[in-house]
Amino acid sequence: MTAVLESVLIVDDDEDLRDSVSDVLATAGVRRRVLAASLLEVQRQGDAALHSQLAILDVNLGEAQPTGVDVSRWLRDNGFGGAIVFLTGHAATDPRVVAAANVPNTRIVPKPCSLNGLVALVQVAS
Amino acid sequence: VRSEEQRLDDQELTTGRRQTITAAAVAAFGNLLGAFLTTLFYGGGFGNSLRYAHATLSALVMVLALVLPPTRRLIISLWAIETAPLLPLLVVWTLAVPEAKMSESFIAFKMVLMGVALLTPLSLWLGLLLLAGLSILTVALWAMHLAGNLPGEPWVTLFYAVFAVALLVQRDSERRLTRRLVQANAEASALERIARSSLAVRDRMNTPLQTLALSLELLDGRVSDAETRELVSRMRRAVVKLTELSTRLAEDDPHKLEP
């Protein structure tokens with residue numbers, strides 16, 4: 001038997017992708033999706049973001065913007081206890097991806113990932 | 001690649017100009033010194049008139065090399081104008097001084113041989129031609145018993161000539177090797193830039209591709225009529241092809257992330 005997480009934080013600077021991931025997770029049964037485009041928006045969401053069970057973070061959140069790694073650090077520093085998954089279209093040598101790989105207890109998933117792959121992220125054995 | 005070659009051409013022309021100016025300066029100074037010493041020891045003569053003439057020619061070459069914009073043809077021509085008259089002049093100067101008064105034969109020939117080997121700019125063939133001319137004159141003067149009567153000649157001078165040829169060939173092959181290396185480096189840099197661009201394109205296309213793939217999956221689950229499902233299938237096939245293209249762009253990237 002598999003159950004689905006209750007709440008997921010989705011951080012991506014691409015609005016279309018953010019909405020698509022949210023729709024997929026909604027279809028999979030995730031009841032609460034917290035969407036943000038940047039670290040600032042995550043901070044604005046406050047508790048809603050921090051109480052999510054999973055954070056799906058895009059590594060690159062735009063030029064000269066805090067990266068997904070910065071978001072992960074902020075989450076951990078503020079007591080976020082859920083899992084963190086970095087979603088990236090960049091190569092492993094990209095400095096932002098290297099930084100993401102060095103964040104403890106996280107996973108890196110390359111784009112594009114399949115619908116099933118995305119759903120598997122929110123499924124937990126019960 | 002072209003800009004690197006252009007940079008190398010400019011560098012070679014600058015070096016060639018410097019070599020021509022140096023040779024002209026040495027020739028002008030050498031002629032004047034030679035004229036002074038000849039006057040001092042042998043009382044001057046026709047040889048000195050030729051020395052002054054060649055010093056003037058050298059000064060003119062120096063001025064032209066300094067003033068005119070350097071081109072390959074100009075530098076080779078100036079070098080030829082500067083050095084070609086040395087062949088008959090060396091004969092006159094050698095014959096003017098009795099060998100009995102000298103400790104070594106063909107001193108001037110040897111100096112010019114080394115000068116040609118060290119300074120001939122841009123053209124290997126021009127250098128080889130001058131060295132051949134100097135060698136032939138040496139042997140001819142020796143064979144006609146006009147000079148080179150001291151022991152060891154003409155072989156000592158010919159040994160200088162062989163060494164000069166080796167030096168000249170070595171300089172030329174070094175120049176060619178540098179050119180090949182610059183070309184290879186420039187090509188490698190250009191290929192690296194292309195590879196980086198294609199990887200950047202791949203990286204940037206992955207986000208919209210991800211949106212398309214997920215949206216189509218969602219759409220597929222929501223439509224029921226056959227006609228729309230066929231349209232969605234067609235779009236999914238297109239997305240699969242684009243994903244394959246993205247994967248292919250990453251094939252040679254040793255740092256790609258595996259799903």
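Predicted model: local features only at pLDDT ≥ 70, side-chain atom pairs only at ≥ 80, totals over all residues.
Rolling a probe the size of a water molecule over the atoms shows where empty space is left. In this model, 2 cavities of 30 Å³ or more are counted. The table gives the volumes.

| Space | Volume |
|---|---|
| Largest cavity | about 40 Å³ |
| Second largest cavity | about 30 Å³ |
| Largest pocket | about 1000 Å³ |

**The cavities**

The largest cavity is lined by residues of chain A, including A:Ile10, A:Asp12, A:Arg18 and A:Asp58. At least two lining residues come from each of strand 2 (7-11), helix 1 (15-28) and strand 4 (54-58) of chain A. By class, this lining holds 7 nonpolar and 3 charged residues, with no polar ones.

The second largest cavity is lined by residues of chain B, among them B:Thr83, B:Leu87, B:Val112 and B:Leu134. Here helix 4 (86-96), helix 5 (107-119) and helix 6 (124-143) of chain B each contribute at least two residues to the lining. That lining consists of 6 nonpolar residues and 1 polar residue, with no charged residues.

**The largest pocket**

A total of 34 residues line the largest pocket, and B:Gly30, B:Leu90, B:Trp93, B:Ala108 and B:Met111 lie nearest its centre. Helix 1 (2-42), helix 2 (46-67), helix 3 (72-83), helix 4 and helix 5 of chain B each provide at least two lining residues. Of the elements that line the pocket, helix 1 of chain B gives the most, with 12 residues. The pocket lining comprises 21 nonpolar, 9 polar and 4 charged residues.

Technical notes:
Residues numbered from 1 in each chain as written. Chains lettered and ligands numbered in written order. Heavy atoms only, no water. 1 Å grid on protein atoms, 1.4 Å probe; cavity = no way out; pocket = protein on both sides within 12 Å on 5 of 7 lines; lining within 4 Å. Points joined across faces, edges and corners; volume = space filled by probe spheres on them. Helix = DSSP H or I, 4+ residues; strand = E, 2+ residues; numbered from the N terminus. Nonpolar A, V, L, I, M, F, W, Y, C, P; charged D, E, K, R; others polar.
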